[in-house]
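Take a look at it first, then read on.

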Amino acid sequence: MTSQGLRYALDETGDLRSAFRRDGYLILKNAISTELLDRIRWEIEETFVAPAEDARPELPGINVKTGRFQDAWRLCPSVAALAGESGVTRVLEDLFGRTPHPFQTLTFSTATQQKSHSDHIHFSSRPLGFMCGVWVALQDVTEENGPLFYYPGSHNLPYLGYADLGIEVESDETEPVSYGVYENRIDMYVRSHGCHRETFTASKGDVLIWAANLVHGGSPVSGVTDVRWSQVTHYYFDDCLHYTPRLSDEIAGDFYVRRPVDICTGVPIRGVEKTVTSESTTVPTQDINDAENSLLVAEVVQLTSEVERLKRELAAMRNTKTFRYTKQLRRIYRRVRPAR
Ligand SMILES: O=C(O)CCC(=O)C(=O)O
């Protein structure tokens with residue numbers, strides 16, 4: 001990142017972390033070199049768009065017609081270079097206190113016009129919040145060509161999944177329908193909690209970092225063209241359970257676990273395995289309690305027998321001639337002792 005971009009973020013917000021915590025997003029102006037941004041567009045065009053349809057490389061997630069190029073980093077090194085851009089990753093490390101790992105890229109040549117959602121529904125973590133998206137403008141974006149929108153502060157509302165919004169998923173086939181219902185309900189939800197939509201009319205090279213639970217999307221196109229080059233990179237952090245709430249039944253403890261890999265290093269992101277079931281969590285606890293209980297019971301038994309032994313000793317002592325004799329003496333002494 002140019003020092004200009006980082007200075008903007010610091011000047012505008014004072015403290016990066018508190019601004020990110022308050023708003024759920026952070027803007028870094030003019031943070032990426034034009035050379036890298038242009039190279040991404042050129043590589044995508046050359047690799048996927050220019051070749052005849054039957055000569056195009058077959059990669060899942062690449063859709064030339066809709067202008068959506070998922071994980072183009074597999075064939076375009078510049079896409080990976082942006083995902084690992086050190087100026088951005090340094091800011092992420094500062095915000096989260098852990099090393100960020102890019103695990104997915106979405107490069108777009110057109111406005112996405114996606115409805116409201118938070119990334120939490122697609123990519124989440126336990127502990128919650130250790131995931132973020134980084135959006136980069138590969139060209140200037142205006143009010144007309146479908147700017148990114150977001151609801152500042154919405155990330156501070158509860159993390160909601162389908163079940164929390166009263167959406168039932170019956171099967172894989174009905175899931176896309178449920179997702180449409182989710183988009184409408186999450187939008188209604190954040191607005192009913194006082195959040196207001198803002199749009200990001202970005203200049204080429206501007207970066208917006210969003211928190212996992214920030215509700216955002218793409219505005220409709222209102223001008224003559226839907227051309228709008230941008231790239232989103234999704235990041236995870238080490239030592240979390242990485243999972244997909246959309247495909248999980250969290251209430252039943254059934255997590256759809258992901259095994260993400262760092263795009264830049266090829267190394268799996270260190271995850272926490274979800275191997276603990278309800279049985280195995282209760283059994284050791286019971287074992288510990290049982291062991292503690294046995295020790296306590298043994299102690300009580302020992303103390304009770306000690307008390308019994310002392311009682312017997314006392315009774316025996318009371319029966320001795322010495323005790324009876326000294327008892328008389330103690331009585332006399334109490335009567336004649338001098339007053340204090
Ligand atoms: O770029 C956009 O218009 C929206 C992107 C978005 O919502 C996403 O990638 O999650």
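Q: Why is Asn30 called partly exposed?
A: Count its neighbours: Asn30 has 18 C-beta neighbours inside 10 Å. A residue is buried with 20 or more other C-beta atoms within 10 Å of its own, exposed with 12 or fewer, and partly exposed in between, with C-beta atoms placed from the backbone. So Asn30 counts as partly exposed. Bear in mind that this is a predicted model, where local features need pLDDT of at least 70, side-chain atom pairs count only at pLDDT 80 or more, and totals for chains, interfaces and linings use all residues. Residue numbers start from 1 along each chain as its sequence is written.

Q: Where does Asn30 sit, and what is its phi?
A: Asn30 is in the loop between β1 (25-28) and α3. Its phi is positive, about 50°, although Asn30 is not a glycine.

Q: How do you know that the length of α6 agrees with what a helix should span?
A: The expected span is 1.5 Å times one less than the number of residues. For the 18 residues of α6 (residues 175-192) that should be 26 Å, and the end C-alpha atoms are 25 Å apart, which agrees.

Q: Which residues of α6 are buried, and what puts them on the same side?
A: The buried ones are Tyr182, Ile186, Tyr189 and Val190. They cover an arc of only 80° around the axis, which puts them on the same side of α6. The arc is that of the directions from the helix axis to the C-beta atoms. The face turned away from that buried side carries the exposed residues Val177, Gly180, Asn184, Met188 and Ser192.

Q: Why do residues three or four places apart in an α-helix point the same way?
A: An α-helix has 3.6 residues a turn, so residues at that spacing point the same way.

Q: What makes the buried residues of α3 line one face?
A: Leu37, Ile40, Ile44 and Phe48 are the buried residues of α3. Seen down the axis, they fall within an arc of 55°, so they line one face of the helix. The cover over them includes β2 (62-63), β3 (68-70), α4 (77-83), β4 and β11. Thr34, Glu35, Trp42, Glu45 and Glu46 are exposed on the face turned away.

Q: What is meant by a nonpolar core, and which residues touch the most other members of the largest one?
A: A nonpolar core is a set of buried Ala, Val, Leu, Ile, Met, Phe, Trp, Tyr and Cys residues joined through C-beta atoms within 7 Å. The largest one has 62 residues, and Cys132, Val134, Val207 and Ile209 touch the most other members. β6 gives the most to this core, with six residues.

Q: Which residues surround the ligand, and how do they divide by type?
A: Around the ligand are Leu106, Phe108, Thr112, Gln114, Gly133, Trp135, Leu148, His216, Gly217, Gly218, Ser230 and Val232. Being near a molecule or strand means having a C-beta atom, placed from the backbone, within 6 Å of it. The shell divides into five nonpolar, seven polar and no charged residues. Ala, Val, Leu, Ile, Met, Phe, Trp, Tyr, Cys and Pro count as nonpolar, Asp, Glu, Lys and Arg as charged, and the others, Gly among them, as polar.

Q: Which strand gives the most to that shell?
A: β10 does, with three residues.

Key: Helix = DSSP H or I, 4+ residues; strand = E, 2+ residues; numbered from the N terminus. Contact = placed C-beta atoms within 7 Å.
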